[in-house]
Amino acid sequence: MFTLDQVVLWGRSFDEYRRMFAISEADLSRRILGCADGPASFNAELSARGGNRTGNVVSCDPMYRFSKAELRGRIGDSLRLVLEQTRRNAAEFVWNADIPDIDALGRLRMAAMERFLDDYALGREERRYINAELPSLPFGDDAFDLAVCSHFLFLYSAQFPADFHVAAVAELCRVARDVRIFPLLELGSIRSRHVDAVVEGLREGGFRVGIETVDYEFQRGGNQMLRIER
Ligand SMILES: C[S@@+](CC[C@H](N)C(=O)[O-])C[C@H]1O[C@@H](n2cnc3c(N)ncnc32)[C@H](O)[C@@H]1O
């Protein structure tokens, strides 16, 4: 089974974010927080598009305390570890025209992470990359219209207990009215043990909560997103 002892630095592209979170063209001009964005290129690519001139995309991640050189070293470590785990557990993943094999996976992820690294110095200057971590974020209530969180919550369910998940999701709901989390699986491509507790807590708190199937699946069975609105 695919396992990792701790959270790795691993980054996806703008196109993958759009599909994981069903992000519409209209969403792209909203104030967006990418929480646990790490070395994903969503922020870099969105900021480079003419359509997002207001500077309204912000990423936060505790890894942003590191320099570009330190991040590059950690990304190299993650690359070896994740590709090796994926090779050993290839049956847990969907191989298709988007990602046909392990080499293609490495190339796709490295292209996204290089894009992030190229943007990192400018993005830090522009306050688009903020060193911060769940469950406590340095943003005001409703600072964002949309918050997305990919491949951190639920994925690392064995490393982070249910109460961490409940507090982290509540914090995301404090800073944004529309919160989307992907995937609902934990490592090993099994449904996260914390989904039910989080959904129940949110419904009791009066939030509208839905589980939606999206046009993205790499972890086998991982094509669902949690959408929370108030
Ligand atoms: C596997 S990466 C996912 C990166 C990106 N979201 C993507 O899907 O391409 C997980 C990220 O979670 C970040 N992370 C770890 N602990 C965190 C916390 N308490 N709050 C927010 N992010 C955290 C890590 O630093 C890492 O960058």
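**Pocket, ligand shell and backbone geometry**

The second largest pocket has a lining of 13 residues, with Glu16, Arg19, Asp98, Ile99 and Tyr216 nearest its centre. Here a pocket is an open set of points on a 1 Å grid over the protein atoms alone, with protein on both sides within 12 Å along at least five of seven lines, a 1.4 Å probe fitting at each point; lining residues have an atom within 4 Å of a point. The model is a predicted one, in which local features need pLDDT of at least 70 and side-chain atom pairs count only at pLDDT 80 or more, while totals for chains, interfaces and linings use all residues. Residues are numbered from 1 along each chain as its sequence is written, and side-chain values use heavy atoms, with hydrogens and water left out.

The volume of this second largest pocket is about 190 Å³, taken as the space filled by probe spheres set on the points, which are joined across faces, edges and corners. Helix α1 (residues 14–20) gives the largest share of the lining, three residues; helices are DSSP runs of H or I with at least four residues, and strands are runs of E with at least two. By class, the lining holds five nonpolar, two polar and six charged residues (Ala, Val, Leu, Ile, Met, Phe, Trp, Tyr, Cys and Pro count as nonpolar, Asp, Glu, Lys and Arg as charged, and the others, Gly among them, as polar).

Two of the residues named above also pair up: aspartate 98 and arginine 19 form a salt bridge with an N to O distance of 3.6 Å. This pair spans 79 residues, from arginine 19 in helix α1 to aspartate 98 in the loop between α3 (68–88) and α4 (102–125). The whole structure contains 26 salt bridges (a side-chain nitrogen of Lys or Arg within 4 Å of a carboxyl oxygen of Asp or Glu).

Turning to the ligand, 21 residues surround it, the closest being Arg12, Tyr17, Ala36, Asp61 and Ser150 (a heavy atom within 4 Å). This shell comprises 13 nonpolar, four polar and four charged residues. Polar contacts are pairs of N or O atoms within 3.5 Å. A polar side-chain atom of aspartate 61 lies 2.6 Å from a ligand oxygen, and one of tyrosine 17 lies 2.9 Å from a ligand nitrogen. A polar backbone atom of leucine 134 is 2.9 Å from a nitrogen of the ligand.

Proline 135 sits in the loop between β3 (129–130) and β4 (144–150).

Technical notes. A polar contact is a pair of N or O atoms within 3.5 Å; within protein, one must be able to donate a hydrogen and the other to accept it, and residues adjacent in sequence count only if both atoms are side-chain atoms.
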